[in-house]
Amino acid sequence: MTRGLRVLIAVLALVAATVVLQLDLRGLLPGQVRLEAPNTMLMSPPSSGQGAPGGVSAQRPAAAAAPNAARVQLRTSAAASAPDGYVLAASVATPDGRPAAGATVTFYEVVDLLGSREMLIDSATSDGRGNASVVYLPARAGSHEIVARSTGIAKAASGEARSTLEATVTAKAYAPETPSISAFYNAVPYGVGLVVLAVWLLIAFALLGTARGVVRGARREEEKGVIA
Amino acid sequence: MDRRTRGLYIERAVWPIGRGDRNFWIAVAVLGAVVAAGVYAWIYQVQRGLWVTGLNQKVSWGFYIINCVFFIGISYGGAMTSAILRLTNAKWRAPLTRIAEATAVAALLVGAVYPIVDLGRPDRFVNIIRYAQIGSPIVWDVTAITTYMIASFVFLYLPLIPDLAVAREALSLSHRREAKLLAPVYRFLSLGWRGRPAQERALARGVGIMAVLIIPLAVSVHSVLAWLFAVTVRAEWHSTIFAPLFVLGAMFSGVAAVIVVIAAFRKVYGLQRFIEAKHFRYLSYLLIALGAAYIYFMVSEYITDGYVFEESTTPVMEALFTGPFAIAFWAFSIGGLLLPIVIAALPGRFPIARAVGASGLVIAGMWLKRFLIVVPGMAEPIMPWDWGRYSPSWVEVTITLGSAAAIPLMLILFFRFFPVMSVHELDEVEGRYEPAHAPLAPGYAPLYAGGGGDD
């Protein structure tokens with residue numbers, strides 16, 4: 001083996017080692033599969049506790065709440081203006097029952113997206129009576145499980161309440177504005193289709209035309225042979 | 001060219017047909033085992049779902065998309081090399097075109113499988129056709145790849161017709177059992193080729209059409225692959241330069257792969273007399289030109305993004321230049337881009353070893369570059385959450401290795417049935433053979449002096 005070749009092999013080995021280190025290929029033995037934890041910023045796995053299905057606004061207490069947890073009650077009602085959707089209102093109280101002002105109440109909807117998880121709706125800060133509310137316009141009609149969770153109350157753990165919202169008013173489906181060049185857009189598929197068709201015809205012509213020419217050439221020769 | 005040189009050339013071109021010595025079967029067994037491991041890993045994934053891979057909610061494109069782009073790029077290089085050499089009527093192309101075209105088809109067959117592997121549920125591939133949305137880049141991709149695949153097969157087959165006749169004639173003298181079995185196949189596929197002027201005209205027209213057509217087709221395939229990325233709003237992907245950058249990258253890695261494959265077949269099939277150092281030198285020039293152009297495009301991309309420090313692209317650039325992907329980025333930039341150009345460009349001895357070494361670095365580097373395109377672009381959060389992380393699982397690594405082994409396996413199986421070098425091309429560029437007493441053709445004169453290359 002020449003010296004130059006040895007140097008090249010060494011460089012290649014170095015690059016391969018770099019790739020291995022960079023890709024973090026350690027622990028790739030069968031069965032060792034590492035997955036990232038799902039994102040918890042906007043979506044989070046739901047808390048335990050299942051409520052009764054149905055009902056216009058069925059209040060359900062949080063399951064197995066901590067003794068010093070804030071008390072949260074959740075109500076849903078139609079908004080003052082119907083197209084706005086629904087008001088999700090939570091009342092937050094300290095563990096001894098006094099209204100908790102300044103608590104952050106975050107509202108979620110339990111959704112089934114790559115598994116059951118919570119979708120953030122919005123958050124609000126409770127007023128002097130411990131009330132916090134947001135307006136929610138769901139994307140689809142039907143039953144929605146809503147979760148309200150309070151944080152930020154001194155000497156109290158996070159409290160939670162759940163409710164089922166039966167929605168009949170929903171947000172309009174997203175429809176982008178028609179761009180001024182939409183006529184051009186609409187024509188593009190036909191133009192592209194014609195080009196693709198022309199290419200396929202050309203390929204067919206190249207293949208079949210050549211085959212025909214070669215076979216004919218062979219036949220002509222055979223015929224000449226017979227005549228001779 | 002004289003009769004004897006042509007005879008030697010044909011003998012070498014058809015030598016592997018029907019021949020299976022011990023080394024052949026060892027190669028088939030080893031490569032077949034790696035491919036089988038890849039197939040097992042894929043079946044394992046189909047049975048259990050994509051959770052067995054390292055793909056996750058944030059980085060949902062990984063090895064499979066990297067490999068798809070990489071292998072289709074390799075294919076592109078093979079097709080382009082052959083088409084350009086034909087169209088420019090390069091006199092030295094004869095021993096190379098067949099290997100380049102076969103490499104193009106083999107790499108394309110491997111690359112085209114990856115979108116199905118990435119789907120997780122292969123049965124859902126039918127939905128892309130059943131519920132095709134013309135506005136979806138996936139539909140563009142399937143259309144472009146299918147068209148390119150058909151064109152590649154035709155581009156491989158047409159120049160093969162006269163050589164099948166040569167193989168037919170050569171094997172008619174053989175008493176081997178394989179020869180008897182293969183004779184009717186060659187007779188059918190060669191379409192009764194006798195080298196008559198009418199046949200030559202028909203073939204020249206067909207090959208000419210395909211050589212012209214394959215270039216825009218290959219460009220379209222890689223452009224569509226690039227648009228799969230560029231039409232998203234992700235940082236570093238949403239770029240106007242992406243399609244030409246992909247096309248150039250494909251040519252760069254493809255030519256490198258062709259050099260490696262040609263060197264391997266030259267060595268194993270004893271083609272040293274016909275594939276000489278000059279062939280590698282010319283291909284190295286092509287490699288250097290493509291590498292220089294790729295550097296220009298890459299610098300142009302980064303300087304445009306980096307100068308304005310756009311909010312969306314800056315984090316990805318930081319991750320590439322100084323962040324968690326810096327080692328891979330600089331390994332690619334230096335080891336996979338600059339170093340190979342220097343190795344290939346330096347004058348001196350061992351042109352073949354240097355060309356092969358440089359090509360090996362380019363192939364590894366360009367795979368890494370695809371990794372650096374796919375993963376950081378996916379990992380960067382465009383929503384308010386953390387950066388994603390990606391570690392391939394054993395399933396992805398095994399499928400990757402299996403698919404990589406499938407290319408040489410397909411090539412050695414293909415060349416067991418079809419001539420490894422184009423005899424017809426040789427006649428075309430050198431002219432029909434002269435009587436035995438005619439002076440030797442200058443290009444092949446050293447063969448009789450025991451030469452055949454300067455490496």
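Modeller: A cavity here is a set of points, on a 1 Å grid over the protein atoms alone, where a 1.4 Å probe fits but cannot get out, and lining residues have an atom within 4 Å of a point. Grid points are joined across faces, edges and corners, and a volume is the space filled by probe spheres set on the points. This is a predicted model, in which totals for linings use all residues. Residues are numbered from 1 along each chain as its sequence is written, and chains are lettered from A in the order in which they are written.

Colleague: How many cavities of 30 Å³ or more does the structure hold?

Modeller: Rolling a probe the size of a water molecule over the atoms shows where empty space is left. Counting cavities of 30 Å³ or more, the structure holds four.

Colleague: Which helix gives the most to the lining of the largest cavity?

Modeller: The largest cavity holds about 80 Å³ of space, and its lining includes B:Trp237, B:Tyr302 and B:Leu372. Helices are DSSP runs (H or I, at least four residues) numbered from the N terminus, and in chain B at least two lining residues each come from H11 (277-308), H12 (314-321) and H14 (351-379). The most, five residues, come from H14(B).

Colleague: Which elements give two or more residues to the lining of the second largest cavity?

Modeller: The second largest cavity has about 40 Å³ of space, and among the residues that line it are B:His222, B:Phe246 and B:Arg370. The elements that supply two or more of its lining residues are, in chain B, helix H10 (242-268) and H14.

Methods: Predicted model: local features only at pLDDT ≥ 70, side-chain atom pairs only at ≥ 80, totals over all residues. Heavy atoms only, no water. 1 Å grid on protein atoms, 1.4 Å probe; cavity = no way out; pocket = protein on both sides within 12 Å on 5 of 7 lines; lining within 4 Å.
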